[in-house]
Amino acid sequence: MKLRLHFVVDPMGWLCISVVFGIWFYNTLFVPKLVLLPHYDEGHIPWALVVCYYIASALCLMALVRASTADPGRLPVDPHIPHSEREQWELCNKCNLMRPKRSHHCSRCGHCVRRMDHHCPWINNCVGEDNHWLFLQLCFYAQVLSFFTLVLDFCQYYYFQPLTRLDQEKFTTQHELALLRVSALMGVVMFGGMSSLFYTQMAGILSDMTTIEKMSHFSNETFGTKRSWQWALAEVCGTRWKLLWLLPLRSRKPLHVGHTSLL
């Protein structure tokens, strides 16, 4: 399965994703410049700490780009409906096209999406069957990066040794306190928001209920079933290999196996 790019023409969505990217860029620029690299140069911290921060930052950016540009599961105008699945398809009353059950029509994007969870303006894209795993990765890596940032901001004033080779005429040195306070504030907001969103998404995945179904009080004995967390995540990520659940630069292939336990 090839990587397909998908873009939503929505000025409000572009603004929201620009804010998210701006927060990422701010912390990735100033935290290493003010904390990591100076303390590494003076031998206060190991090189592994610097590498880990840049890896977390890179994974967060890749997840953001992939989640915002991946096809969420948009249905084609003339879909091929297998004869054995015709009873599982229905007519959309908004675009008058056939779609499988549990699909939803997104008024912002103007088309139906397979197993749509919600439309997220912060990635300017729908969260559906084909990119739900990328959205979950984004929530996870954003938590990791924001928590990492908060810890470094805290250690800068209460744990790390004072720096001796500072150029007091540099802008970053003169305004270090203000810059790190802004970084800490962003870290608190992002960590709190992403932690809540990650918990909500995981609860929906494990209970086999999308956000739209929860909001519409959907009730059907076919859905909403409890599953093992291994199978639930494997189905969303499209692979049983747990290490691949954390890699954004790959394609997803749906699993066509019954609910079996994973080792």
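Two rings of Phe, Tyr or Trp, the last represented by its six-membered ring, are taken to pair if their centres lie within 6.5 Å. In the predicted model described here, a search of the whole structure under this criterion finds nine aromatic pairs. One of them is formed by Tyr53 and Phe148, whose rings are arranged edge-to-face, with 5.2 Å from centre to centre and 70° between the planes. This pair links distant parts of the chain, since Tyr53 belongs to helix α2 (residues 47-69) and Phe148 to helix α3 (residues 132-158), and the two are 95 residues apart. Both Tyr53 and Phe148 are buried.

A further pair is made by Trp229 and Trp245, with ring centres 6.3 Å apart and planes at 80°; because planes over 60 degrees apart count as edge-to-face, this pair is edge-to-face. Here too distant parts of the chain are linked, with Trp229 in helix α7 (residues 229-237) and Trp245 in the segment after α7, 16 residues apart. As for their accessibility, Trp229 has a relative accessibility of 43% and therefore counts as partly exposed, whereas Trp245, with a relative accessible area of 10%, is buried.

The packing of helices was examined for α1 and α5. Helix α1 (residues 11-41) packs against helix α5 (residues 176-207) at an angle of about 135°, and the axes of the two helices are 10 Å apart. Because angles over 145 degrees count as roughly antiparallel and those of 65 to 115 as roughly perpendicular, an angle of this value makes α1 oblique to α5. The crossing of α1 and α5 is left-handed. On the side of α1, the contact is made by Ile23, Tyr26, Asn27, Phe30, Val31, Leu34 and Val35, while α5 contributes Glu176, Leu179, Leu180, Val182, Ser183, Met186 and Met190.

With regard to the protein chain as a whole, the secondary structure comes to seven helices and six strands, and the elements run from the N terminus in the order α-α-β-β-β-β-β-β-α-α-α-α-α. The protein chain has 263 residues, of which 46% count as buried. Among contacts between residues at least 6 apart in sequence, 62% join residues that are at least 24 apart.

How values were computed:
Residues numbered from 1 in each chain as written. Predicted model: local features only at pLDDT ≥ 70, side-chain atom pairs only at ≥ 80, totals over all residues. Heavy atoms only, no water. Phe/Tyr/Trp six-rings, centres within 6.5 Å; stacked < 30°, edge-to-face > 60°. Helix = DSSP H or I, 4+ residues; strand = E, 2+ residues; numbered from the N terminus. Buried < 20%, exposed > 50% of the residue type's maximum accessible area, 1.4 Å probe, protein only. Axes fitted to C-alpha atoms, helices over the stretch in contact; angles between N-to-C directions. Parallel < 35°, antiparallel > 145°, perpendicular 65-115°, else oblique. Left-handed = near helix turned anticlockwise from the far one by under 90°. Contact = heavy atoms within 4.5 Å.
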